[in-house]
Amino acid sequence: MAKKLVGSMKLQVPAGQANPSPPVGPALGQRGINIMEFCKAFNAKTADMEPGAPCPTVITYYQDKSFTMDIKTPPAAYYLKKAAKVKSGGATPSHKTAGTVTVAQVREIAEAKMPDLSANDIEGAMKIILGSARSMGIEVK
């Protein structure tokens, strides 16, 4: 018999740094999810990723207190800021540039994000990343 689904939730947790402190602990605890079990499983799955990279995670939890998690790739903005070596995007993106990235860097970001994007090929994924860069005030050369 299939498990009875109770609900799902979304969290953004730094890779390899899940711990029971807020905001992770209280968010899981109020839904009856075993916090330490989640932290151990999350940290094990994200061990090969860059430590501290924000990972959007969808947690589906069931009536028998079990759960499954779907860990996505870090946001495009994270990769773009890292590639452009800036702390944040531009305050006025259409007027001033916050930084620059190369087309090769955009391709690399698109390849990393490909599993989570709704693009059919790498060129389509690059267009999505270019749109994110443009909205952040990051110029592509």
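The model is predicted: local features need pLDDT of at least 70, side-chain atom pairs count only at pLDDT 80 or more, and totals for chains, interfaces and linings use all residues. Residues are numbered from 1 along each chain as its sequence is written, and side-chain values use heavy atoms, with hydrogens and water left out.

**Annotated domain**
- An unreviewed UniProt entry annotates residues 9–67 as "domain: Large ribosomal subunit protein uL11 N-terminal"; such annotations may be inferred rather than shown by experiment.
- This span is 29% helix and 27% strand, and its end C-alpha atoms lie 11 Å apart. Helices (H or I, at least four residues) and strands (E, at least two) are DSSP runs, numbered from the N terminus.

**Helix α2**
- F38, C39 and F42 are buried in α2, residues 35–45 (buried is under 20% relative accessible area, exposed over 50%, partly exposed in between; 1.4 Å probe, protein chains only). These residues cover an arc of only 100° around the axis, which puts them on the same side of α2; the arc is that of the directions from the helix axis to the C-beta atoms.
- K40 and A44 are exposed on the face of α2 turned away from its buried side.
- β1 (5–14), α1 (24–29), β2 (54–62) and β3 (67–71) pack against the buried residues of α2, where contact means heavy atoms within 4.5 Å.

**Backbone exceptions**
- Most residues other than glycine have a negative phi, and most peptide bonds are trans.
- P22 and P23 are joined by a cis peptide bond with omega of about 5°, and P23 is in the loop between β1 and α1.
- K65, in the loop between β2 and β3, has a positive phi of about 70° and is exposed, with a relative accessible area of 54%.
- K85, in the loop between α3 (76–84) and β4 (99–101), has a positive phi near 60° and is exposed at 73% relative accessible area.

**Helices α4 and α5**
- The axes of α4 (residues 103–113) and α5 (residues 122–136) come within 8 Å and cross at roughly 110°. That makes α4 roughly perpendicular to α5 (65 to 115 degrees; under 35 counts as roughly parallel, over 145 as roughly antiparallel and the rest as oblique).
- Residues making the contact include V103, V106 and I109 of α4 and I122, M126 and L130 of α5.
- Axes are lines fitted to C-alpha atoms, for helices over the stretch in contact, and angles run from 0 to 180 degrees between N-to-C directions.
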